[in-house]
Amino acid sequence: MDLHKVTFPTFVLEPRSMLERITDFMSHPDLLFGAENCDDPEERFIRVLQYYLAGWHIKPKGVKKPYNPVLGEFFRCRYDYSDGTRGFYIAEQVSHHPPVSAFYYVSPANKVCVIGELRPKSKFLGNSVSTTMEGENRVYLLGRPEDKEYVISMPNMYARGILWGKMFLELGDSCMAKNEQTGHYADIQFKTKGYFSGTYNAIQGRIRRGNTETGEIYGKWSAVMEYKNSKGEKRVLFDATKDGQNIAPKWVAPEEEQEPNESRRLWSKLTKAIIAKDMDAATEAKTAVEESQREQRRRMEERGEVHVPRFFQERNGRWEPKLQLPTDPQEAIQVVEKFIWPTLPPSYGPSSAESTPASASNSTSNPSS
């Protein structure tokens with residue numbers, strides 16, 4: 001049956017919401033910053049793949065799943081980079097049936113924008129649980145408006161050893177990355193380990209432009225991934241054992257400055273109970289949030305109301321943020337800050353627009369959002 005209808009025991013929960021889990025893909029922005037300066041379209045495509053593949057190595061020990069976000073829940077944060085620039089992120093649970101998490105990341109000074117949505121579907125498969133990750137990431141290099149969007153799908157996840165044997169988490173099946181403007185495509189296989197052969201966390205994929213194969217990617221998403229072009233030249237794409245330590249820190253307002261339906265405040269009691277290893281308190285806290293959510297939905301149904309997301313809207317089957325990004329970087333920063341934080345929390349510090357370095361004043365282009 002669909003596991004979104006099943007209440008998971010608290011001991012398998014990772015102490016954060018799926019809306020925050022998505023930020024793992026924004027952990028290594030240096031792989032994407034400056035990609036618009038590459039004149040070779042294939043190099044820009046590889047840089048986008050680097051950003052995407054670098055996010056998978058961040059995971060909890062053992063088999064853990066983040067909290068299922070409740071309708072109207074949101075998570076927002078800011079990134080402060082070493083060169084003085086900033087990035088901004090907002091994610092919201094925009095639908096309950098089916099569950100849909102929409103997200104938006106932008107760094108106007110670094111000319112990068114990522115928009116997407118996830119529609120996870122979990123099923124019980126005997127001794128494992130599979131999660132099909134429907135949805136996509138859409139990456140925009142704002143300094144290369146002619147590229148338009150880079151679209152990347154997600155592999156599926158498998159939690160093994162649920163009933164017997166060792167419990168472990170695997171990524172499986174394939175994901176597709178493409179840019180229709182440049183004609184580049186990548187079909188990347190996330191390989192699961194067989195009973196008698198193979199290895200854990202392996203990936204392999206081929207890159208092509210049109211019908212011509214131009215290179216391949218291989219290695220392990222938990223260790224070293226490499227790229228080899230058609231000339232046989234190799235280079236390391238990402239080394240999780242070394243580069244994986246340089247995770248971009250994010251600023252999140254303290255819980256007392258958050259709104260009631262912000263992820264960390266909403267799940268605060270559950271998170272504290274899990275960290276304290278108090279499973280009884282954790283179950284009680286989780287049940288309280290879920291029961292409150294059911295009661296809110298029941299009242300809305302009685303009044304004939306339909307939930308309207310706060311930060312996102314659906315257009316042609318895609319969820320996009322409710323804002324237009326100005327082309328001027330400093331103006332864009334002000335608009336994004338006002339969009340994500342209508343009132344800046346006391347601990348936010350100076351507005352990014354006040355501290356944007358002069359080098360970030362070059363013009364950016366507006367993505368389709």
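**View 1. L163 sits in the loop between strand 9 (156-160) and strand 10 (168-179).** Strands are DSSP runs of E, at least two residues, numbered from the N terminus. This is a predicted model: local features need pLDDT of at least 70, side-chain atom pairs pLDDT 80 or more, while totals for chains, interfaces and linings use all residues. Residues are numbered from 1 along each chain as its sequence is written, and side-chain values use heavy atoms, without hydrogens or water.

**View 2. S95 lies in strand 4 (residues 86-95).** Is S95 buried or exposed? S95 is buried (under 20% relative accessible area), at 14%. A polar atom of its side chain lies 2.6 Å from the backbone oxygen of P98. Leaving aside neighbours within four places in sequence, S95 is in contact (heavy atoms within 4.5 Å) with L71 and V100.

**View 3. Helix 2 covers residues 41-53.** Helices are DSSP runs of H or I, at least four residues. The expected span is 1.5 Å times one less than the number of residues. Helix 2 is mostly covered, with 12 of its 13 residues buried. Among them are F45, I46, V48, L49 and L53.

**View 4. D40 caps the N-terminal end of helix 2.** A side-chain oxygen of D40 lies 3.0 Å from the backbone nitrogen of E42. E42 itself is buried.

Key: Buried means under 20% relative accessible area, exposed over 50%, partly exposed in between (1.4 Å probe, protein chains only). A polar contact is a pair of N or O atoms within 3.5 Å; within protein, one must be able to donate a hydrogen and the other to accept it, and residues adjacent in sequence count only if both atoms are side-chain atoms.
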